[in-house]
Amino acid sequence: MSGSSTYQPQNGFLKWLERRLPIGGLVHSSFVAYPTPRNLNYWWTFGGILTFMLGVQMITGIILAMHYTPESTMAFNSIEGIMRDVNYGWLLRYVHASGASMFFLAVYVHMFRGMYYGSYKEPREVLWILGVILYLLMMATAFMGYVLVWGQMSFWAATVITNLFSAIPGVGDIIVTWLWGGYAVGNPTLNRFYSLHYLLPFVIAGVVVLHVWALHVAGQNNPAGIEPKSPKDTVPFTPYATVKDSFMIACFCIVLAWLVFYVPNYLLSADNYIPANPAVTPSEIVPEWYYLPFYAILRSIPNKLLGVTALFSSIIILAFLPWLDTSRVRSARYRPLFRQFFWLFVIAAVGLGYLGSKPPEGIYVVLSRVFTLYYFAFFLIILPLLGIFEKTRPLPNSISESVLKAKA
Amino acid sequence: MKIKNAAFAFALAAGIAASAAPAFAQLAEQVPPPRQSWSFSGPFGQFDQAQLQRGFKIYKEVCSTCHSMNLLSFRNLADPGGPGYTEAQAAAVAAEYKIKAVSDSGQPIERAGRLADHFPAPFPNDEAAAAALGKAPPDMSTLAKARSYSRGFPWFIFDFFTQYQEEGPDYISAILKGYKDPPKGFTLPPNGHYNEYFPGHVIAMPPPLQDGQVQFDDGSPATLEQYAKDVPAFLEWASEPHLIQRKRVGFQVMIFLIVLSGLLYFTKKKVWHEVEKPREAAAGQNPAKTSI
């Protein structure tokens with residue numbers, strides 16, 4: 001999507017079309033001729049994996065919607081109907097449910113990769129912020145999709161999460177009633193969640209287009225964290241990136257297939273196979289694994305308003321990352337101190353995930369607080385100061401030089 | 001250098017704290033049920049048809065007096081990958097049941113069950129069940145998936161690789177065998193029963209099965225030990241009727257994906273070889289002699 005196209009239409013029809021709608025040239029310059037840094041490692045294949053997963057979720061979701069009934073007395077049974085009576089319905093439903101988890105696994109790898117190699121820095125701030133928006137949209141979509149099952153955990157997760165908004169002073173209760181469409185989570189809530197769960201993936205697809213556009217304007221970052229300087233530093237997207245991404249997508253599908261066919265309920269809550277019952281609260285309300293770090297942050301603070309503020313801040317703060325990190329060096333390869341603090345951040349984030357699944361008592365609360373403190377300190381104190389005090393290692397002169405030096 | 005030391009100190013402190021955590025992990029009041037071996041576990045798991053038929057017999061004679069199984073139809077008994085009844089046998093089972101219906105003139109009637117009918121529930125609704133029994137018994141359609149127990153760290157990580165998905169059947173089996181006299185000092189609430197494996201130990205359901213209660217035609221022993229294997233197996237089929245098909249298709253998909261990944265890997269190597277050449281030369285290799 002950048003620069004003038006070198007596309008040469010091959011036949012009469014394509015020549016005719018190109019003069020009227022240059023879509024061939026757009027595709028060619030974006031996905032064929034587009035120069036990618038030659039030193040990209042396999043962590044850079046997760047963008048392609050995420051695009052693939054969005055497609056998988058949309059296709060399985062659209063077919064599931066043909067068989068699903070968004071009505072509070074029928075929703076649970078309609079999903080069981082899909083599992084039992086629709087041809088390969090079990091496959092569609094398990095791919096969609098496991099697919100959500102794999103989607104989040106990929107997005108977390110993608111985000112950590114961006115952080116490690118400083119992919120959010122000038123001139124890629126907008127690209128990064130679009131990514132944060134995509135992440136927020138994914139969280140909203142996945143949450144509403146989880147509620148559609150209308151099992152016990154769906155119902156109570158919906159109750160707990162929507163109740164977070166009641167912490168807003170003054171208008172909290174009004175907002176919650178408005179979200180519910182009533183005075184409790186019920187049929188109107190299910191209906192609107194269904195509507196939004198169908199809508200948001202298309203919004204995600206739209207923002208993905210912007211994300212890719214911004215990527216193709218700024219160009220990809222790379223493990224060396226320096227811009228390509230000559231044609232020797234890059235290779236064309238096709239066949240190099242295409243074949244590499246395809247290989248990794250196939251490997252990723254092996255893990256997805258393992259989940260779908262052999263351990264489909266590994267990541268699902270047993271309580272969600274009990275139909276929603278407003279009169280019975282499950283012994284433990286635990287969100288899906290991909291929300292657990294934020295759930296732990298919420299529960300580590302005893303005050304509800306402060307907890308909710310911390311929860312939302314922990315996600316919003318990501319959007320400010322390009323300006324919180326003051327270092328001019330992008331890649332952690334040349335930032336010895338940042339690298340240590342980064343891995344501590346990964347430990348804190350994964351640790352919060354584990355603690356989020358545990359009851360909020362004893363040592364779990366203490367550890368949650370330590371990790372929460374580190375989570376915010378990493379962004380607000382460590383990153384701004386590191387840029388000033390850290391002594392970085394010398395950068396290579398070019399990407400091709402870094403490639404040769406690494407193995408020589 | 002000071003910051004570097006601080007980072008290490010923090011990592012050390014976090015490490016110590018994390019290693020201390022498991023000591024506090026035994027807070028849950030649920031006793032983990034013992035692991036059983038099931039014919040349907042693992043990548044090539046199969047349902048044992050005779051076992052499913054025995055389990056169905058126990059369900060029909062004992063469980064179904066209190067528990068509903070609303071999501072299953074009589075036709076499911078003849079479905080492939082299930083208990084292996086013929087359609088005629090399933091129809092004969094259906095005919096034993098009385099189904100509430102509406103006559104042509106609009107009057108409520110009872111007629112003999114057909115293949116397409118769902119298993120009728122013992123009570124018209126949960127309130128009626130609770131009034132008769134003290135507490136409404138759970139529906140059995142998804143029970144084997146709706147019951148589980150916490151595996152804890154690090155076992156839940158191994159479970160992904162060992163494909164342990166039978167927490168529900170293990171738990172149900174343990175419950176059936178878990179009735180005991182309460183330990184000294186344990187106050188049992190009225191209408192409660194002590195069960196070792198039930199969370200909190202107080203279960204509303206009285207011991208449902210005793211030795212000799214259900215007789216089998218296939219010579220299997222009429223013991224609680226046997227019932228506690230057959231009932232969970234039957235309930236697993238009831239909640240995952242396509243389990244066999246799922247694992248069979250899964251194996252085919254796995255073979256396909258592994259071959260595809262292998263082919264794509266070598267394609268990638270071939271495509272990237274030209275790009276890798278300068279690096280190989282820099283590393284002292286002869287690019288002309290490196291394969292693909």
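Mentor: Let us begin with B:Ile99, whose place is in strand β1 (residues 98–102) of chain B. The model is a predicted one, in which local features need pLDDT of at least 70 and side-chain atom pairs count only at pLDDT 80 or more, while totals for chains, interfaces and linings use all residues. Residues are numbered from 1 along each chain as its sequence is written, and chains are lettered from A and ligands numbered from 1 in the order in which they are written.

B:Ile99 counts as partly exposed because it has 16 C-beta neighbours inside 10 Å. By the rule used, a residue with 20 or more other C-beta atoms within 10 Å of its own is buried, one with 12 or fewer is exposed, and one in between is partly exposed, the C-beta atoms being placed from the backbone.

β1(B) is joined by 5 bridges to strand β2 (residues 108–112) of chain B, and the two run antiparallel. Two strands are said to pair if DSSP finds at least two bridges between them. Within this pairing, B:Arg111 in β2(B) is the bridge partner of B:Ile99. The hairpin that β1(B) and β2(B) form has 5 residues between the strands, and there B:Gly106 takes a positive phi near 85°.

Leaving aside residues up to four places away in sequence, B:Ile99 touches B:Glu110, B:Arg111, B:Gly113, B:Asp117 and B:Pro120. Contact means that the C-beta atoms of two residues, placed from the backbone, lie within 7 Å. B:Ala112 is 13 residues from B:Ile99 in sequence, and their C-alpha atoms are 6.0 Å apart in space.

Chain B has 9 helices and 4 strands, and from the N terminus on its elements run α-α-α-β-β-α-α-α-α-β-β-α-α. Of the 292 residues in chain B, 27% are buried. Among contacts in chain B with a separation of 6 or more, 60% come from residues 24 or more positions apart.

Chain B is divided into domain 1 (2–72 + 118–241), domain 2 (73–117) and domain 3 (250–289), with bounds that come from an automatic or database domain assignment. Domains 1 and 2 of chain B each bring 10 residues to the contact between them. On the domain 1 side, helix α2 (residues 49–61) of chain B gives the most, with 4 residues. That side has 7 nonpolar, 3 polar and no charged residues, where Ala, Val, Leu, Ile, Met, Phe, Trp, Tyr, Cys and Pro count as nonpolar, Asp, Glu, Lys and Arg as charged, and the others, Gly among them, as polar.

Another part of chain B shows how helices pack. Helix α7 (residues 167–177) and helix α8 (residues 224–239) of chain B pack at an angle of about 145°, with their axes 9 Å apart. Axes are lines fitted to C-alpha atoms, for helices over the stretch in contact, and angles run from 0 to 180 degrees between N-to-C directions. The residues of α7(B) that meet α8(B) include B:Pro169, B:Ile172 and B:Leu176. By class, this contact has 10 nonpolar, 1 polar and 3 charged residues.

Finally, chain B meets chain A. In this contact, 50 residues of chain B face 42 residues of chain A. At least two residues on the chain B side come from each of α1 (2–20), α5 (143–146), α6 (155–162) and α9 (243–282) of chain B. α9(B) gives the most, with 20 residues. The side of chain B that touches chain A has 32 nonpolar, 10 polar and 8 charged residues.
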